[in-house]
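Subject: Structure handover and notes

Hello,

Here is the structure you asked to look at. My notes follow below it; please read them with the structure open.

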Amino acid sequence: MKTNISMNPGKSVQAFYLFFIIHTSQIGAGLMGVPRILVLEAGSDAWISVLIAGIYLHIMIFLMLSILRAYDNSDILGVQGDLFGKWIGKILGLMYVLYIFLLVLTVMKNYIEVVQVFIFPEMPIWLMSLFLLSLMVYSIIGGFRVVVGTAFIFFFLTIWLALTIYKPMTYMDWEHFLPVMHHSSPTDLFMGAKQVAYSVLGLEILLFVYPFIEDKKKISLPAHAGVLFTTFLILLVTVVSIGYFSPDQLKATVWATLSLFKIISFSIVERFDFIAVALWMMVIIPNLVLFGWMIVHSMKRLFNTPKKPTLYALAFLLFIASITIEKRVGVNQLTSITSEVGFWIVFVYPWFIYIIVMVKKKWLKRGIS
């Protein structure tokens, strides 16, 4: 495996699209239930935890870009191979592959469960899994540009849902937030910030798509803008959920974000929450496509496996795993495991890589001088 990737200009995209890649990879199943998880840790001060998490996301963007810019045109797989050698680099690469597999499976299972609870209780899991995986395979076969196009298009097809939150805002009680810092300690706030981790997993895609970006000098702005917009949406739904439900009610509401849509109605649509759950599939699809592409790309880089057979094998494994886990307890355990593994891989491990890269960089400068 080569450290740097020789990129065909026809397969790369402009830095502008990095905003959509990062944002759509982060916003997905986690946004549906993040207010409740935060309130369980930080109470009515959960919004402070979101701000703390948002600041840390920007630090991680800076960290990841510093690692990548130490090389000409490499990704995290090439960086690991250069730092630790061929075989250890491949083992660490497989660590990413397994983690991303868990992430794709978790996103699928959480959305399928929402569809069963809100709309079709009798819908079989295998049918919904087959439908989602078919869309994933169809998009990834088209190549990286189609994958990016999926993120771009579905962003504009779904972002208008954020505007519908105006109705719950009119029923908010601001006394639910008072007194500030009364029900939580600094430890609770940081634990709440950690709980945001599952909702913002996907940031690591920057470590994989970097070689595919043309104008790398312009990467910082769209990358930071992507995580800023993600933080804003999570903060928005958290604040509105606390103000509308109250912390005690919110602790008993599993999918608070989707529950907010229940009070919205139009003259021709009485149950808008049904529409919202159905449209949420367009929020999930970019997750599946981007993460699926990351796995296929990684296997190609690590073991030079053909892309199509790898993609079909991935879809098959995801299908089998999705129909194996049926009960809510299993989905909760899967989500908890993915969140914990993702926290260490995405938000802790890059610090280790950054330190080694910087030490190596200084050592090489001293050797040259």
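Does Lys 194 count as buried, exposed or partly exposed? At 25% relative accessibility, Lys 194 counts as partly exposed; buried means under 20% relative accessible area, exposed over 50%, and partly exposed in between, with a 1.4 Å probe and protein chains only.

Some notes on reading the values. This is a predicted model, in which local features need pLDDT of at least 70 and side-chain atom pairs count only at pLDDT 80 or more, while totals for chains, interfaces and linings use all residues. Residues are numbered from 1 along each chain as its sequence is written, and side-chain values use heavy atoms, with hydrogens and water left out.

Overall form

The protein has 19 helices and zero strands. Helices (H or I, at least four residues) and strands (E, at least two) are DSSP runs, numbered from the N terminus. The radius of gyration, taken over C-alpha atoms, is 21 Å, close to the 21 Å that the globule rule gives for 369 residues, so the protein is as compact as a globular protein of that length. That rule is 2.2 Å times the number of residues to the power 0.38. Along the principal axes, the C-alpha atoms fill a box of roughly 65 × 45 × 35 Å.

Of the 369 residues, 55% count as buried. The accessible surface comes to about 16700 Å², and 68% of it belongs to carbon and sulfur atoms; accessible areas come from the Shrake-Rupley method with a 1.4 Å probe, and for residues only the protein chains shown count as cover. Contact means heavy atoms within 4.5 Å. Among contacts between residues at least 6 apart in sequence, 86% join residues at least 24 apart.

Salt bridges

Side chains of opposite charge can pair when their charged atoms come close. A salt bridge here is a side-chain nitrogen of Lys or Arg within 4 Å of a carboxyl oxygen of Asp or Glu. The whole structure holds three of them.

Lys 194 takes part in one, with Glu 340, at 3.5 Å from N to O. This pair links distant parts of the chain, with Glu 340 in helix α18 (residues 328-347) and Lys 194 in helix α9 (residues 186-195), 146 residues apart. Glu 340 is partly exposed, with a relative accessible area of 36%.

Another joins Asp 75 and Arg 301, whose closest N and O atoms are 2.9 Å apart. Asp 75 lies in the loop between α3 (46-68) and α4 (76-84) and Arg 301 in helix α16 (residues 281-303), so the pair ties together parts that are 226 residues apart in sequence. Asp 75 is buried at 0% relative accessible area, and Arg 301 counts as buried at 13%.

Asp 82 and Lys 360 also form a salt bridge, with the closest N and O atoms 2.5 Å apart. Asp 82 is in helix α4 and Lys 360 in helix α19 (residues 349-368), so this pair ties together parts 278 residues apart in sequence. Asp 82 is partly exposed at 29% relative accessibility, and Lys 360 is partly exposed at 27%.

The nonpolar core

A nonpolar core is a set of buried Ala, Val, Leu, Ile, Met, Phe, Trp, Tyr and Cys residues joined through side-chain atoms within 4.5 Å. The largest one has 129 residues, of which Met 136, Leu 203, Trp 280 and Phe 347 touch the most other members. Helix α5 (residues 86-118) gives the most to this core, with 16 residues. Leaving out residues up to four places away in sequence, Met 136 touches several residues, including Leu 288, Val 289 and Leu 311.

Two buried polar side chains

Lys 109 sits in helix α5 and counts as buried at 3% relative accessibility. A polar atom of the Lys 109 side chain lies 2.4 Å from the backbone oxygen of Ile 325. Residues up to four places away aside, Lys 109 also touches others, among them Ser 322, Glu 326 and Leu 334.

Asn 287 lies in helix α16 and is buried, with a relative accessible area of 2%. The Asn 287 side chain reaches the backbone oxygen of Ile 27 at 3.3 Å. Beyond four places in sequence, the contacts of Asn 287 include Thr 24, Gly 28 and Val 107.

Regards

How values were computed
Polar contact = N/O pair within 3.5 Å; in protein donor to acceptor, adjacent residues only side chain to side chain.
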